[in-house]
Amino acid sequence: MRKVSIFGATGSIGQNTIDLIARAPEDYKVVAVTGGANVRQLAQDARRLGAEVAVTAFDQHLDDLRDALSGTGIEAAAGSTALIEAAARPADWVMSAIVGSAGLAPGLEALKQGATLALANKETLVCAGPLVLETAERHGARLLPVDSEHSAVFQALVGEDMDAVERIIITASGGAFRDWPVEKLAGATVEQASSHPNWNMGQRITIDSASMFNKALEVIETKEFFGINPDRIEVVVHPESIVHALVGFRDGAMMAHLGAPDMRHAIGYALHWPERRDLPVPRLDLAKLGQLRFRDPDPARYPALRLAREVMQRGGLSGAIFNAAKERALDHFIGQRIGFLDMTDAVAAVLDRFDDAGGLIDAPLTLDNVLKTDHLARQWVDDAVLRRAG
Ligand code: NAD
Ligand code: MG
């Protein structure tokens, strides 16, 4: 039996992970499951999986979680320290599917105890790539990609030499507004941004797909995970979301990864790696699909991609700043305090402010410094939003 933990169990990736694990209960011993405010779901999953401990990220939900688990013998806990303690419990495989930079500290802790970390939480690598890789190496732990594009690249690279890789191309659906006139984007509503043409995901990543902040994070994630020079990473808009990524080699050959847009493929690949096992995902009928289209992303429509390039060039803590500013700007967009395009403006302004402030952005890449700059970046987004409102 493999010991597994699921961080962010109540979310979209978490529920898909549980779906796979619950199909073979005899193969897994579930250690920890974690969630946020949805403690009813969390308790239900903990019971169904026979978990050792269930953790809600938020203290105010502890009593409800305790009530929902009473008589089961399953431990209940709450708060960020409890999340880290849960990540320190020995497990063979840990799913990192918390949304946002809140996933970083538990992920690092799981690596420290030597677990294989299945990384859906791309923010982990965006905020602290070198620190995360170094932690994994020091503790003999393994990182496996779960983001569909990165899982696709990882699979295309099996048996290949990184020296033979010329380019990595990740695809983007183009999100909710790919066919909107650019002039209309400023007036896009939260509801309009929250529907994805191909994937069924959490609300935050769905809006990030519409703005392409998601792809911006993924370009940085690609650089960190595969250690490839940023100018060898390309993004192509592919409205069908069937080809998830391509790797181009020095001999001109390209290996593409195709699959139905169902995250259980990437999750299952990471769960069973290095084996391939049966997965309950839809099979492709290429003749029925008929065509696969590709086009360059329009820089005017997707300014977040340019910011990602600047961040990779800038280095240091700029990934953590970029991500935190994006998260906070997204909070304000969801709260209807700023418009859709204001998100990019706010993030760019905060990156500039850090540049002007000097020092901070080049502080050593430690968890402490990431959390400090993360906090400050959010504050500076708030400042910018307040100033506009005033
Ligand atoms: P989601 O919003 O559906 O779920 C997020 C999970 O994190 C929930 O369990 C929630 O309770 C928990 N959570 C929220 N705030 C938290 C906090 N402050 N501290 C601790 N836990 C918190 O998100 P999702 O769509 O499942 O995405 C999860 C991660 O996976 C994200 O990093 C996302 O970018 C990545 N990802 C998702 C998909 C997808 O298909 N949904 C695909 C690729 C990558
Ligand atoms: Mg992705």
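Q: How many of the 17 residues of helix 14 are buried?
A: This is a predicted model, in which local features need pLDDT of at least 70, side-chain atom pairs count only at pLDDT 80 or more, and totals for chains, interfaces and linings use all residues. Residues are numbered from 1 along each chain as its sequence is written, while chains are lettered from A and ligands numbered from 1 in the order in which they are written. Helix 14 is mostly covered; helices are DSSP runs of H or I of at least four residues, strands runs of E of at least two, both numbered from the N terminus. With buried meaning 20 or more other C-beta atoms within 10 Å of the residue's own, placed from the backbone (12 or fewer is exposed, in between partly exposed), the count for helix 14 is 15.

Q: How far apart are the end C-alpha atoms of helix 14?
A: Helix 14 covers residues 318–334. The expected span is 1.5 Å times one less than the number of residues, which gives 24 Å for its 17 residues. The model agrees with this, as the end C-alpha atoms are separated by 24 Å.

Q: Which residue just after helix 14 has a positive phi?
A: The phi in question is about 60°. It belongs to glutamine 336.

Q: Between which domains does ligand 1 lie, and why?
A: The shell around ligand 1 holds 25 residues (C-beta atom, placed from the backbone, within 6 Å), with Gly11, Gly36, Ala57, Met201 and Gly202 the closest. Helix 1 (12–22) and helix 9 (203–211) each supply at least two residues of this shell. Because both domains give residues to the shell, ligand 1 lies between domain 1 (2–145) and domain 2 (150–261 + 282–289).

Q: Which helix supplies the largest share of the side of domain 1 that touches domain 2?
A: The chain also has a domain 3 (315–389), the bounds coming from an automatic or database assignment. The centres of domain 1 and domain 2, taken over C-alpha atoms, are 26 Å apart. Their contact (C-beta atoms within 7 Å) takes nine residues from domain 1 and twelve residues from domain 2. On the domain 1 side, four residues come from residues 123–138, which form helix 6.

Definitions and conventions
Contact = placed C-beta atoms within 7 Å.
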